[in-house]
Amino acid sequence: MARPYSVAAAAVVVLAGLAWPATAGSAAPSPTAPAAPACAVSGYAPASADAANALHDTLRGQTGSDLGGTRLEGADTWVVPAGSHPVVVVDSATPLTEGSAWLVLFGLDFPIKSGTGPGSDRYVSTTEMPQFGTTIRVVGLRAESNACEGSLVLVADRSVFASHLGLAGLAAAALFGVLTILLARRRRGGWARRFLLSAPLGLLAGAGEAVLLQESGLISPFSKVTWAVPVAGLLLAALLPLTRRRRVPADAPAQPAGAEPWQAPAHVPLGGYQADGPFTRTTVAQVDRGTHRDTGERVLLKVVLPDLAAAPEAAARLTREAEILARLDDPNCLRLRDTLRPPDLPPVLVTEYVDGVTARRALDERGPLTGPQACTVLDGALAGLAAIHEAGMVHRDVRPDNIYLDAGGRVLLAGFEVAATGDDNALAAEGVPPYAGPQQRRGEPVDGRADLWSAGAVLAELLTGAVPVVDDDAGRVLLPPVTASCPQPSPTSSRGPWRQIPTPARKPPPGCVPRCWRRPRRRTGRTG
């Protein structure tokens, strides 16, 4: 039965199987006083186990004057033919009574059992090495005895890919190297997050490369340079995230046709954030998708438009929105994460990330929604309005541009630039026609009912693709003009909203209100 490799390797090193004078090779011997080596070391490589056993008996019967085989004293490497059974012979002028041996890998010494000899001046190794060449191709051996000491690199004469350790190193270097590159240069996450994910893989890839280099003989087992290779893998994991090109996230839809090319805001400092791509645009600001450079957190960044950076009205609107968002905490209202206040510039609003589009974008690209879709959107918008009204505020700018649709099915109300409270509502002709109600458009005091009227106008547009017309005549009832102005889609029309109401489970085309095709949520306790 084959012995474990540690014992097999010990047999070669043991017994000073690699020993020669410590001073051998350090200087040329003097012509007048030649120095005889303290130990003579020879190596034999019989082709079979039977030949090795016969050689053992022959070598024991010889003396130190009968040296043969491969002379190893002063050698750095012994290349053993593949499939052979190496035998080491040590001849010493002094009886070999004690010794120590070490197996050396990756610059580390591992003590192995060496034992003591019988006091003879010749030692012949008899331990077989069944694992050498198949499991490991290169190993360092170091030995010391009472007569001599030395070290040697033992190499099996076969391909590096023919050993198990070589194949394992190649597989680890390739697999973990590819994973390191993919995770370090992934689109999501900041530098710290991507480094933490790829660092362990970089170390493993470097370790596999170190094993491969040692098995190929490019790095000596005695060299501690081997440990620099895993460190290089760790350094690569730290540098690769810096090579990622700034791109729009994969889930960020392309800009609408005819829109101006998006440019990252350079007129306002963004602190630790970076802008990745466009989301929407308001009267005074652009809303961009962003990422925190350190944590990798994804956010929305609302930044004043470049040509309005010095406009007091733009600063007032963004300041007002920051104050209002700080007071709200509702799942249907866009949540504020941070407010950046650059000197002499309007604030930059950092809000939660929305993985989706605006209701305006969905209408422009996919047309009218189905009945269940429109009701789902309106239900989320009304829930957001309820939270605003409970806080004593009026939104005053409810329109599809300010309704965000998230891929997770959430509907969020945004755009609080003109929201106001109390007496601020009086004589404030704010809002965008035709979503602003008649009273709001005439500058009369408004309350929460104005937001509900705007929500109704949004619902009409979601269902038909067109908004109602408001008659500014104070004596005209609002409902007849709205009814007369709204197009009436045919129930059999392929784009009509009522056609799919009986089958609300049908999934809409990709990109149209992601995951919002289910029926509106039922509320308990509702009558009628």
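The legends below describe close-up views of one predicted model. Local features are given where pLDDT is at least 70, side-chain atom pairs count only at pLDDT 80 or more, and totals for chains, interfaces and linings use all residues. Residues are numbered from 1 along each chain as its sequence is written, and side-chain values use heavy atoms, with hydrogens and water left out.

View 1. Helices (H or I, at least four residues) and strands (E, at least two) are DSSP runs, numbered from the N terminus, and two strands pair if DSSP finds at least two bridges between them. Strand β11 (residues 285-292) is largely enclosed by the rest of the structure, because eight of its eight residues are buried, where buried means under 20% relative accessible area, exposed means over 50%, and partly exposed lies in between (1.4 Å probe, protein chains only). In a regular strand the side chains alternate between the two faces of the sheet. Here Ala-285, Val-287, Arg-289 and Thr-291 point one way from β11, while Gln-286, Asp-288, Gly-290 and His-292 point the other way. Strand β10 (residues 273-281) runs antiparallel to β11 and is joined to it by seven bridges, with Pro-278 opposite Asp-288, and the two strands form a hairpin with three residues between them. Seven bridges also join β11 to the antiparallel strand β12 (residues 298-304), where Val-303 stands opposite Gln-286. The hairpin of β11 and β12 has five residues between its strands, and Gly-296 takes a positive phi near 80° there.

**View 2. The open sheet that includes strand β1.** Four strands in the order β2-β1-β4-β7 make up an open sheet with antiparallel pairing. Its edge strands, each of which pairs on one side only, are β2 (70-71) and β7 (122-124). Strand β1 (residues 39-44) is joined to β2 by two bridges, and Gly-43 stands opposite Thr-70. Cys-39, also in β1, is buried with a relative accessible area of 0%. The C-alpha atoms of Cys-39 and Ser-92 are separated by 4.4 Å, although these residues are 53 residues apart along the chain.

**View 3. Salt bridges between separate parts of the chain.** The structure holds 13 salt bridges, a salt bridge being a side-chain nitrogen of Lys or Arg within 4 Å of a carboxyl oxygen of Asp or Glu. In one of them, Glu-352 meets Arg-410 with the closest N and O atoms 3.1 Å apart. Glu-352 lies in strand β14 (residues 348-352) and Arg-410 in the loop between β17 (403-406) and β18 (411-413), so the pair ties together parts that are 58 residues apart in sequence. Glu-352 is buried, with a relative accessible area of 5%, whereas Arg-410, at 27% relative accessibility, counts as partly exposed. In another, Asp-401 pairs with Arg-360, the closest N and O atoms being 3.6 Å apart. Asp-401 is in the loop between β16 (393-394) and β17 and Arg-360 is in helix α7 (residues 359-366), so this pair ties together parts that are 41 residues apart in sequence. Arg-360 counts as buried, at 18% relative accessibility.

View 4. Asp-397 and Arg-399 form a salt bridge at 2.8 Å, N to O, and both residues are buried. A network of salt bridges links Lys-302, Glu-313, Arg-317, Glu-321 and Glu-417. The side chain of Asp-330 does, however, reach the backbone nitrogen of Asn-332 at 2.9 Å.

**View 5. Two loop residues with positive phi.** Phe-106 has a phi near 55°, a positive value in a residue other than glycine; Phe-106 is found in the loop between β5 (99-105) and β6 (108-112) and, at 22% relative accessibility, counts as partly exposed. Asp-344, in the loop between β13 and β14, has a positive phi near 60° and is exposed, with a relative accessible area of 81%.

Technical notes: A polar contact is a pair of N or O atoms within 3.5 Å; within protein, one must be able to donate a hydrogen and the other to accept it, and residues adjacent in sequence count only if both atoms are side-chain atoms.
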